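Please look over the sequence and the model below before reading on.

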Amino acid sequence: MDKVFVSSEWGELRECIYGAPNDLVFAKWLLDADCRPWGEFRTLWKENQGKSLKEVDPDRFERFRSQIKGAIEFLRSSGIVVHIPEPHNEWTMKFPRGENHGDMTAWMRDPFVTIDNHVIELAPRSLFHRRQRYPIRSILAQTMQRGARYYSQPDPGPEEDNHGKPGWGYLEGGDILHLGKKILVGHSGNCSNLEGVNWLQHMLGDDYHVEQVNIDNRFSHLDCVLLTPREGVAIACLEAFPDGLPTYLKNWDIIDIPFEVTKAHMGCNNLTLNDHCVVIPSGEIHDPLEKQLKARKFEVTRLPYESVYWVGGSFRCAHQPLIRV
């Protein structure tokens with residue numbers, strides 16, 4: 001198999017791990033959950049902690065599953081190698097505290113990251129993300145035979161929150177944007193933190209520059225409010241950056257997405273195939289973005305995904321690349 005290597009956010013996608021259409025089990029409502037659900041989904045989550053979407057709303061679950069399968073079929077038909085996580089077993093569903101913290105394997109962005117040939121199991125703050133490494137452990141371990149440096153961030157333990165304590169670093173893949181040797185890490189106060197940023201800088205070494213980026217605490221991750229489909233072009237919700245965009249992007253061409261579209265419809269969280277092709281959801285709410293991208297000479301593919309992003313994550317959340325070159 002080809003060498004594992006991810007050059008940047010806009011490198012051509014050739015292989016990835018994509019979220020599974022197996023199930024969605026609502027996690028316990030802990031501190032980190034408060035920023036995630038929006039509108040009707042917020043109420044549904046609070047009222048159904050520990051339950052499966054397939055029993056709570058079977059029709060919606062079928063649409064959810066169908067749309068994930070459709071995205072996987074599209075990627076495979078485009079020549080991209082797609083790996084799917086195994087289902088959780090009864091023991092991984094009890095990690096790390098013997099409690100049901102949900103099944104969110106539809107979104108595989110957060111438990112690890114690939115930066116060049118570094119394949120890094122991360123230490124998410126969210127308990128439901130911490131268990132996600134196990135359904136993909138066999139896939140990640142095989143990257144060692146494919147030229148990867150495979151290693152893991154120290155596990156943050158069973159406590160709900162260790163923010164601000166020395167040595168207790170959190171990193172979630174949705175917060176990490178890989179812009180070549182420049183790495184941006186989001187900080188909303190809900191997920192990744194400065195201790196995690198410092199650990200990542202230490203492990204990657206001086207060839208890289210890792211920078212924390214403050215974002216609005218109504219969001220979980222940086223990729224909810226920023227996408228870089230090509231060097232020099234960014235899709236961003238400017239309202240979500242209290243300190244403004246990172247200076248690294250100061251001369252970039254910015255497509256500004258309104259707050260409501262960003263939050264309720266995951267308007268920035270799209271799928272970059274390469275530096276001239278982007279996948280965004282179908283639906284009228286996303287039409288303005290398609291127009292803006294086409295004006296910048298992007299090819300745009302539209303796929304139905306509203307039943308997926310309604311429950312918390314869109315295309316970028318769903319995949320983590322193993323090869324982008």
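Ala-148 sits in the loop that runs between helix α5 (137–141) and strand β6 (149–152) of what is a predicted model. Its relative accessibility is 11%, and because buried means under 20%, Ala-148 counts as buried. Leaving out residues up to four places away in sequence, Ala-148 touches Val-4, Asn-117, Val-119 and Thr-143. Asp-110 is 38 residues from Ala-148 along the chain, and the C-alpha atoms of the two are separated by 19 Å.

Tyr-208 is found in the loop between α6 (194–204) and β9 (209–214), and with a relative accessibility of 8% Tyr-208 counts as buried. When residues up to four places away in sequence are not counted, Tyr-208 touches Ile-115, Asp-116, His-118, Gly-180, Lys-181, Ile-183 and Gln-201. Between Tyr-208 and Trp-91 there are 37 Å from C-alpha to C-alpha, and in sequence these two residues are 117 residues apart.

Pro-96 belongs to the loop between β3 (81–83) and β4. Is Pro-96 buried, partly exposed or exposed? Its relative accessibility is 22%, so Pro-96 counts as partly exposed, given that buried means under 20% and exposed over 50%. Setting aside neighbours within four places in sequence, Pro-96 is in contact with His-101, Leu-127 and Pro-158. Ser-314 lies 218 residues from Pro-96 in sequence and 26 Å from it in space, taken from C-alpha to C-alpha.

How many cavities of 30 Å³ or more does the structure hold? There are two cavities that reach this volume, and the largest cavity contains about 120 Å³ of space. The lining of the largest cavity is made up of 16 residues, of which Glu-9, Arg-109, Arg-316, Pro-321 and Arg-324 are the closest to its centre. Strands β4 (112–115), β7 (176–179) and β16 (319–324) each supply at least two residues of this lining, and β16 gives the most, with four residues.

The second largest cavity has a volume of about 40 Å³, and Ala-27, Lys-28, Leu-30, Asp-32, Ala-33, Trp-45, His-101, Leu-127 and Phe-128 line it. Two of these lining residues, His-101 and Leu-127, are also contacts of Pro-96.

Arg-316, one of the residues closest to the centre of the largest cavity, is placed in helix α10 (residues 315–318). With a relative accessible area of 1%, Arg-316 is buried. Which residues does Arg-316 touch, not counting residues up to four places away in sequence? They are Glu-9, Arg-109, Gly-173, Gly-174, Ile-176, Leu-177, Asp-223, Leu-227, Asn-269 and Asn-270. Among these, Glu-9 and Arg-109 also belong to the residues closest to the centre of the largest cavity.

As for the cysteines, the count of disulfides comes to zero. Cys-268 is in no disulfide, and the nearest cysteine sulfur, which belongs to Cys-237, is 6.0 Å away; a disulfide would need a pair of cysteine sulfur atoms within 2.5 Å. Cys-268 has a relative accessibility of 0% and therefore counts as buried. Cys-317 is likewise in no disulfide, with the nearest cysteine sulfur, that of Cys-224, 5.3 Å away. Cys-317 is buried too, its relative accessible area being 7%.

The last topic is the nonpolar cores. In the largest nonpolar core there are 71 residues, and the members that touch the most other members are Tyr-18 and Phe-64. Which helix gives the most to this core? Helix α3 (residues 58–77) does, and it supplies seven residues. Another core, of 15 residues, lies apart from this one, and Ile-115, Val-197, Leu-204 and Val-210 are among its members. One of these, Ile-115, is also among the residues that Tyr-208 touches.

How values were computed:
Residues numbered from 1 in each chain as written. Predicted model: local features only at pLDDT ≥ 70, side-chain atom pairs only at ≥ 80, totals over all residues. Heavy atoms only, no water. 1 Å grid on protein atoms, 1.4 Å probe; cavity = no way out; pocket = protein on both sides within 12 Å on 5 of 7 lines; lining within 4 Å. Points joined across faces, edges and corners; volume = space filled by probe spheres on them. Buried < 20%, exposed > 50% of the residue type's maximum accessible area, 1.4 Å probe, protein only. Contact = heavy atoms within 4.5 Å. Core = buried A, V, L, I, M, F, W, Y, C linked by side-chain atoms within 4.5 Å.
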